[in-house]
Amino acid sequence: MHLARALAVSAALAVAASTLATAATADPDPRSRYTFAVIGDVPYGADQIAAFPGWIQQINQDPAVRSVVHLGDIKNGSSVCSDEYFDLIRADFDTFEDPLVYTPGDNEWTDCHRANNGAYNPLERLDRVRDVFFDEPGHSLGQKQMPLEAQDGFPENVVYHRAEVTFVAANVPGSDNGLQPWSGLGNTTATPEQVQAVADRTTADIAVMRHAFDEARERGDRGVVVMQQADMFDPTYTPTWNDIGAFQPWIQALVDEASSFPGPVYLLDGDSHIYNTDKPLASGSPWLSTYSVQGTADNLTRVTVDGSSNNHDWLKMTVNKPGAASLLSWTRVPYAG
């Protein structure tokens, strides 16, 4: 079974459309509470690599958790992007007892051009990430696999539904959505190959997001959760357009979709490593002018998870039953030990 979704692409591509591979995503308890764990920017460095299996077991031992989301960056930004490391993390991921949905971060592909990362071609590393972590498109990771809708050509872009909420994960990494120059390969500006890849992936990301919102409306779902790695609204520094400009089309599409959706929308990200919650696209937000966005999304709440050296906890999120004060609630759970 396939869900066709028109995907306009550059004339340089040989195809003019893409398809979302459809899997049965029926939720057996659509109006029950649904709890899931969210992590990101982990493991960073030798100590966290050693601790990561125990942190996974801690999440496994929580009986309320029914699935897990990893928001990308499975390594720090100054370590080698090797096949062996990817295989190590995949082996760790396979110990999650519940379904695991993972969206890639910049540290495992976009930034792998850096000399201390191995001076790889980032697009080759993205292909390797797909081979290792998305070897079964349409299925989650974890011991209890969950069926997903996976986008053809971009298997990391997925949609699924739980507790009358639509979830969508898209490959939106830091480092200006992958557009920052590959300086480790001697480049001072983005290469034509890189520019084309960013444009194609952004088009695909927008298509899968619009598809998710279409499905949420058709199903009458209560909310939408968008999941990605990049913090496009990082409050910890003042970015230049060269840091963030490539996010603009994605943000405009997010505003368009969220503002026309009747329920709450949540954006989950990592990247900046410090827990935060805000409404970056609401009326009056300075980010609207920063990105030259038309319209507002007052119903969108953004949540950033702790990570990197600040990775002392995981986020326990719950989709509440109908009638609750809020659709989602969450708490930070400290890691033991």
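Colleague: What makes β8 and strand β9 count as a pair?

Modeller: Two strands pair if DSSP finds at least two bridges between them. Strands are DSSP runs of E with at least two residues, helices are runs of H or I with at least four, and the numbering starts at the N terminus. This is a predicted model, in which local features need pLDDT of at least 70 and side-chain atom pairs count only at pLDDT 80 or more, while totals for chains, interfaces and linings use all residues. Residues are numbered from 1 along each chain as its sequence is written, and side-chain values use heavy atoms, with hydrogens and water left out.

Colleague: In what sense do β7 and β8 pair, and over how many bridges?

Modeller: β7 and β8 pair in the antiparallel sense over 5 bridges. Tyrosine 160 stands opposite phenylalanine 167 in β8. The hairpin of β7 and β8 has 2 residues between the strands. Alanine 163, in the loop between β7 (154-162) and β8 (165-169), takes a positive phi near 50° there, although alanine 163 is a residue other than glycine.

Colleague: How do you know whether β8 is enclosed or open?

Modeller: 5 of its 5 residues are buried, so β8 is largely enclosed by the rest of the structure. In a regular strand the side chains alternate between the two faces of the sheet. In β8, Val165, Phe167 and Ala169 point one way and Thr166 and Val168 the other, and all are buried. β4 (65-70) is mostly covered, with 5 of 6 residues buried. β4 runs parallel to β3, with 5 bridges between them, and alanine 37 stands opposite valine 68 in β4.

Colleague: What makes the link of cysteine 81 and cysteine 112 a disulfide?

Modeller: A disulfide is a pair of cysteine sulfur atoms within 2.5 Å. The sulfur atoms of cysteine 81 and cysteine 112 are 2.1 Å apart, so they qualify. This pair links distant parts of the chain, 31 residues apart: cysteine 81 in the loop between β4 and α2, cysteine 112 in the loop between β5 (100-102) and α3 (122-133). The link is left-handed, with -90° about the S-S bond, and each of the two cysteines is buried.

Colleague: Why do arginine 302 and aspartate 231 count as a salt bridge?

Modeller: A salt bridge is a side-chain nitrogen of Lys or Arg within 4 Å of a carboxyl oxygen of Asp or Glu. The closest N and O atoms of arginine 302 and aspartate 231 are 2.5 Å apart, so the pair counts. Arginine 302 lies in strand β12 (residues 300-304) and aspartate 231 in the loop between β9 and α6 (241-244), so the bridge ties together parts that are 71 residues apart in sequence. Arginine 302, at 0%, is buried, and aspartate 231, at 6%, is buried.

Colleague: What makes arginine 128 and aspartate 83 a salt bridge?

Modeller: Their closest N and O atoms are 3.4 Å apart, so the pair falls under the definition. It joins helix α3, where arginine 128 sits, to helix α2, where aspartate 83 sits, 45 residues apart. Arginine 128, at 23%, is partly exposed, and aspartate 83, at 28%, is partly exposed. Asp83, Asp87, Glu124, Arg125 and Arg128 are linked in a network of salt bridges. The structure holds 21 salt bridges.

Colleague: Which side chain makes a polar contact with the side chain of aspartate 73?

Modeller: The partner is the side chain of tyrosine 44, at 2.8 Å. A polar contact is a pair of N or O atoms within 3.5 Å; within protein, one must be able to donate a hydrogen and the other to accept it, and residues adjacent in sequence count only if both atoms are side-chain atoms.

Definitions and conventions
Buried < 20%, exposed > 50% of the residue type's maximum accessible area, 1.4 Å probe, protein only.
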